[in-house]
Amino acid sequence: MINTVIFDMDGLLIDSEPLWGLAMKEVFATVGVELTSELASHTTGLRTAEVVDYWHDYFKWQGKDREQVTNEIIDTVTAKILAHGEAMEGLEYILDFFSARNFKMGLASSSPLRLIESAVTHMGIKDRFQVISSAEFESHGKPHPAVYLSCARKLGSSPLECVAFEDSVTGMTAAKAARMKTVVVPEAHNRSNKRYALADVKLDSLLDFNDEILAAL
């Protein structure tokens with residue numbers, strides 16, 4: 001029986017994906033890399049260091065090392081979230097939905113923990129989660145299931161008792177690899193991506209989730 005829900009954060013609960021895009025564009029520009037929105041979409045859902053490694057291998061910039069670029073991106077996007085971060089549609093609804101049904105609730109994100117902590121505190125939702133897990137402490141990031149498995153373990157739940165909510169293909173793949181039921185809420189421009197067929201449920205908004213869908217999982 002499903003009694004645990006685990007959420008991704010960026011692009012699902014907090015409208016931060018555009019802010020990530022701006023931060024990466026600004027920081028990569030300092031090393032002579034022009035990162036378009038189309039290029040940035042290739043690394044959605046990966047850990048920040050993995051994103052930097054990916055583009056360093058491609059562009060092979062000189063000057064700043066990868067660790068410096070990684071830290072600058074994290075600092076820049078954190079500042080943008082604190083200044084401009086907004087809730088995704090249905091944030092309070094979905095948290096209230098599962099809280100009212102006494103579900104254990106966790107957060108499993110590819111973002112660094114210091115960014116997660118800043119974001120959920122800014123949004124006033126930190127206390128809604130019993131466990132917050134960051135893939136930065138795992139041997140592998142999404143699409144590997146490690147961060148989902150760690151979060152479930154800390155919650156005292158079997159993966160088979162969990163439903164995961166994601167917005168990206170990378171995150172969905174991680175949740176399914178963890179053997180969790182998976183609900184995806186893709187960005188509007190990406191909803192037609194056929195890879196989302198792997199999910200158990202695909203929604204246009206968190207507001208669309210209900211007891212009927214939960215019972216069918």
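Reply: The lining of the largest pocket takes at least three residues from each of domain 1 (4–15 + 87–216) and domain 2 (16–84), with bounds from an automatic or database domain assignment. This is a predicted model, in which local features need pLDDT of at least 70 and side-chain atom pairs count only at pLDDT 80 or more, while totals for chains, interfaces and linings use all residues. Residues are numbered from 1 along each chain as its sequence is written, and side-chain values use heavy atoms, with hydrogens and water left out.

Me: What volume does the largest pocket have?
Reply: About 800 Å³, where a pocket is an open set of points on a 1 Å grid over the protein atoms alone where a 1.4 Å probe fits, with protein on both sides within 12 Å along at least five of seven lines, and lining residues have an atom within 4 Å of a point. Of the 36 lining residues, the closest to its centre are Glu-17, Ala-40, Ser-41, Thr-43 and Thr-44.

Me: Which helix gives the most to the lining?
Reply: H1 does, with 7 residues; helices here are DSSP runs (H or I, at least four residues), numbered from the N terminus.

Me: Switching to packing, at what angle do H3 and H4 pack?
Reply: At about 130°, with their axes 9 Å apart, the axes being lines fitted to C-alpha atoms over the stretch in contact and angles running from 0 to 180 degrees between N-to-C directions.

Note on methods: Grid points are joined across faces, edges and corners, and a volume is the space filled by probe spheres set on the points. Helices (H or I, at least four residues) and strands (E, at least two) are DSSP runs, numbered from the N terminus.
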